[in-house]
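The sequence and the structure are shown first.

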Amino acid sequence: MVTAESWPWLADLDQLLPDKAIDPVNEHDTRESVPHLLQEHASNIEQVKEALKEDPLYEPFKHDDLWILRFLLSHKHKVKKACKAAKHALAFREKHLLDKKDLRFIAPHSVPLGAEDTPFAGCSSLKKAWTTRYPNGCIVFTIPDQTRGVAGFLRFADFKHDKATMKALNDEDLSAVFIYLSEWTFQWLDYVTRKTGRLTKSARFIDFSGFSIWQVSRDASKRDGKCMGEMEDVYPQLLHSLFFYNQPHWIHAIWATMRHIMPSRVVEKVDMVEPMHNPKEFQRLLKFVAKEQLPVSLGGDNTVSPAEW
């Protein structure tokens, strides 16, 4: 078993770095082999290690080759940028005590159902922040198959962007939800990646049914952007794709303009799909969730709500 020097969510693994990758779970599984990636980027990984030696938060056993690899991949193999991002992540994780607890068995959509107001990442009550901003179970994150990645299902029309809601929440409240979602996802992906030997990422399926342009709030967007900016680089290789579906036609017009001013690494993840009507687009979803597990609203066979998986 892995020693206590590593993260608690890896405690039941026999080794941290896999010797080989499992076979693809199906014909849609294109995840890369971790041993091959580590071998390919070995030289740059060693350079990052050397640069991190002087950081008091760097622990070689915990912050191993795979941990470093993610930063290199996210920064196009540029060592200096990877080092800067890794140092920021070390400080961020220390500030919010993210190395201390295995969160995997408290799914994000279970947080509002908790009996207690649990403090988290500077927020006095994660439950209150969640139910105020994201009511009615409009965010569900789950892991349909523990040999695959995390799938997030978001119903955007139920997000609260109004002035009263934003006034009721401070910046720590807003950030805490983002951090919990990302940390829960990271812990599962880290576990699955090390267990399967395949670099595993998440996908998010965003339902725009009922969403109105009048729900867009400049203040909410600005504050959310600030929160996400502080988290930038903390969770490299976390997200593979953002699937937008049931989107109104005006979303396409806005996106056609926005995509030219947004970072390329965000743009390349967005995929607007109509899986119920377009077989090719439906096939792209199967890269992350098998047909028998995918909800019927996305063209799959599963009639059970993701919250009950």
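## Pocket, cavities and a helix pair

The second largest pocket is lined by 19 residues, of which Lys101, Leu103, Thr118, Phe120 and Tyr180 lie nearest its centre. A pocket is an open set of points on a 1 Å grid over the protein atoms alone, with protein on both sides within 12 Å along at least five of seven lines, and lining residues have an atom within 4 Å of a point. The model is a predicted one, in which local features need pLDDT of at least 70 and side-chain atom pairs count only at pLDDT 80 or more, whereas totals for chains, interfaces and linings use all residues. Residues are numbered from 1 along each chain as its sequence is written, and side-chain values use heavy atoms, leaving out hydrogens and water.

The second largest pocket holds about 360 Å³ of space, a volume being the space filled by probe spheres set on grid points joined across faces, edges and corners. Its lining comprises 11 nonpolar, four polar and four charged residues. Here Ala, Val, Leu, Ile, Met, Phe, Trp, Tyr, Cys and Pro count as nonpolar, Asp, Glu, Lys and Arg as charged, and the others, Gly among them, as polar.

Two cavities of 30 Å³ or more are found in the whole structure; a cavity is a set of points where a 1.4 Å probe fits but cannot get out.

| Cavity | Volume | Lining by class |
|---|---|---|
| Largest | about 70 Å³ | six nonpolar, no polar, two charged |

Around the second largest cavity stand Arg70, Phe186, Leu189, Asp190, Thr200, Pro236, Gln237 and Leu238. Helix α7 (residues 171-196) supplies the largest share of that lining, three residues.

Helices are DSSP runs (H or I, at least four residues), numbered from the N terminus. The axes of α3 (residues 65-74) and α4 (residues 79-95) come within 8 Å and cross at roughly 125°. Axes are lines fitted to C-alpha atoms over the stretch in contact, with angles running from 0 to 180 degrees between N-to-C directions. The two helices are therefore oblique to each other, since angles under 35 degrees count as roughly parallel, over 145 as roughly antiparallel, 65 to 115 as roughly perpendicular and the rest as oblique. Trp67, Phe71 and Leu72 of α3 make the contact with Val79, Ala82, Ala85, Ala86, Ala89 and Leu90 of α4, contact meaning heavy atoms within 4.5 Å. The residues of this contact are nine nonpolar, no polar and no charged.
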